[in-house]
Amino acid sequence: MKVVEANELKKNYGKKEVLTNVSLSIEGEKIIGLVGRNGEGKSTLLKLISGLIAKDSGELFTFGEEPFDHLFVSANTIYIHPELIFPSGFTVEQICKTAQEFYPFWNQIIATELIKYFGISLKSIPSKLSTGERQAFFTIFGLATRSALTILDEPVNGLDDAKRKDIYRVILKDYMAEPRTMILSSHLVDEMEHLLEEIVILNDGEIVEHCTIEELTNKYKWQHGAAETLVDGIGPIEQNALEGAKRIVGYSGQNNTQMATVKEIYLAVTSNEDGGIDGIYNKTK
Ligand SMILES: Nc1ncnc2c1ncn2[C@@H]1O[C@H](COP(=O)(O)OP(=O)(O)OP(=O)(O)O)[C@@H](O)[C@H]1O
């Protein structure tokens with residue numbers, strides 16, 4: 001069964017069109033990265049998949065069901081995001097205890113041991129934790145539910161370098177201990193790339209790429225040469241005094257190419273080629 005299936009999915013907030021035409025198919029146990037620029041609609045898509053908000057039109061199925069307000073979907077899906085709110089006054093320990101009643105595969109040992117490892121007191125109240133501590137708790141909570149569809153929206157938000165490294169390791173270990181479908185959304189593509197089997201790139205209300213990391217890096221490459229010799233590319237041309245111009249292009253066998261990183265490809269695929277910040281300042285001259 002497909003875990004997620006979307007066809008021509010649309011979502012607006014009032015007059016603001018956010019998702020205009022999303023088609024997506026996710027199946028199997030794997031870790032998938034969802035990336036896109038700020039405000040492109042990643043969280044909106046994840047909320048739709050989790051059944052927290054309703055679509056406007058198109059088709060959307062999670063575990064074969066229309067997800068909005070669907071008990072089976074909510075029992076098998078966890079959506080963790082930095083603005084998560086737990087019942088006020090509940091301690092971390094009480095939240096974990098209550099979670100056992102909601103989540104049939106809840107792993108109490110993993111939850112409490114990881115919470116302690118990250119230096120969080122079981123007696124603390126999430127709203128009183130520091131941003132990084134709270135996020136670590138949220139991500140641990142999401143993983144400990146062991147939900148068949150585990151969605152982590154910005155799982156390392158506010159965490160320092162060392163803690164981010166730890167959280168990535170925890171995500172991978174937890175996935176290996178209990179393989180399931182995980183969707184991670186983050187802007188730190190280069191940091192989480194090693195965890196991902198597939199990547200989904202959202203841009204202008206649509207999915208512009210959904211493939212394995214290997215397919216992505218085989219598809220787009222840096223092309224080098226004099227500016228006038230470069231074929232039309234997708235990214236901005238970067239001038240380099242020694243090497244001539246270079247840009248990322250859909251690879252079509254040119255021999256003046258070299259591998260681009262996932263982050264470079266993501267930035268090129270989602271760039272809007274207006275005048276940018278330079279253009280704004282040039283207007284004032
Ligand atoms: N409840 C809402 N009401 C009105 N507009 C909303 C609402 N939620 C989100 N938006 C708008 O929809 C757009 C997409 O928001 P969303 O949070 O899905 O983007 P995102 O890709 O997750 O962004 P970011 O990377 O900055 O977290 C934004 O322009 C946002 O302002």
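This is a predicted model: local features need pLDDT of at least 70, side-chain atom pairs count only at pLDDT 80 or more; totals for chains, interfaces and linings use all residues.
## A buried helix

Let's start inside the fold: nine of the nine residues of helix α1 (residues 42-50) are buried, so α1 is largely enclosed by the rest of the structure. Here a residue is buried if 20 or more other C-beta atoms lie within 10 Å of its own, exposed if 12 or fewer, and partly exposed in between, with C-beta atoms placed from the backbone. Helices (H or I, at least four residues) and strands (E, at least two) are DSSP runs, numbered from the N terminus.

Residues are numbered from 1 along each chain as its sequence is written.

The chain divides into domain 1 (2-204) and domain 2 (214-283), with bounds that come from an automatic or database domain assignment. Nine residues from domain 1 and seven residues from domain 2 make up the contact, where two residues are in contact if their C-beta atoms, placed from the backbone, lie within 7 Å.

On the domain 1 side, α7 (189-192) and β8 (198-203) are the elements that give two or more residues, and β8 provides the largest share, three residues. That side has four nonpolar, two polar and three charged residues. In this count Ala, Val, Leu, Ile, Met, Phe, Trp, Tyr, Cys and Pro are nonpolar, Asp, Glu, Lys and Arg are charged, and the others, Gly among them, are polar.

Asn203 is found in strand β8. With 18 C-beta neighbours inside 10 Å, Asn203 counts as partly exposed. Not counting residues up to four places away in sequence, Asn203 touches Gly36, Glu40, Val208, Val269 and Thr270.

## The nonpolar core

The largest nonpolar core has 60 residues, and those with the most contacts inside it are Ile32, Ile140, Ile151, Val200, Ile201 and Ile265. Such a core is a set of buried Ala, Val, Leu, Ile, Met, Phe, Trp, Tyr and Cys residues joined through C-beta atoms within 7 Å. Helix α5 gives the largest share of this core, seven residues, and the core draws at least three residues from each of domain 1 and domain 2.

Leaving aside neighbours within four places in sequence, Ile151 is in contact with Leu46, Ser50, Thr77, Ile78, Tyr79, Ile80 and Ile183.

## Helices α5 and α6

Helix α5 (residues 131-144) packs with helix α6 (residues 161-177) at an angle of about 5 degrees, their axes 11 Å apart. That makes α5 roughly parallel to α6. Axes are lines fitted to C-alpha atoms, for helices over the stretch in contact, and angles run from 0 to 180 degrees between N-to-C directions; those under 35 degrees count as roughly parallel, over 145 as roughly antiparallel, 65 to 115 as roughly perpendicular and the rest as oblique.

From α5, Gly132, Ala136, Thr139 and Leu143 meet Lys163, Ile167, Val170, Ile171 and Asp174 of α6. These contact residues divide into five nonpolar, two polar and two charged.

Most residues other than glycine have a negative phi. Glu8, not a glycine, has a positive phi of about 50 degrees and is found in strand β1 (residues 4-13). Arg146, in the loop between α5 and β6 (149-153), has a positive phi of about 55 degrees.
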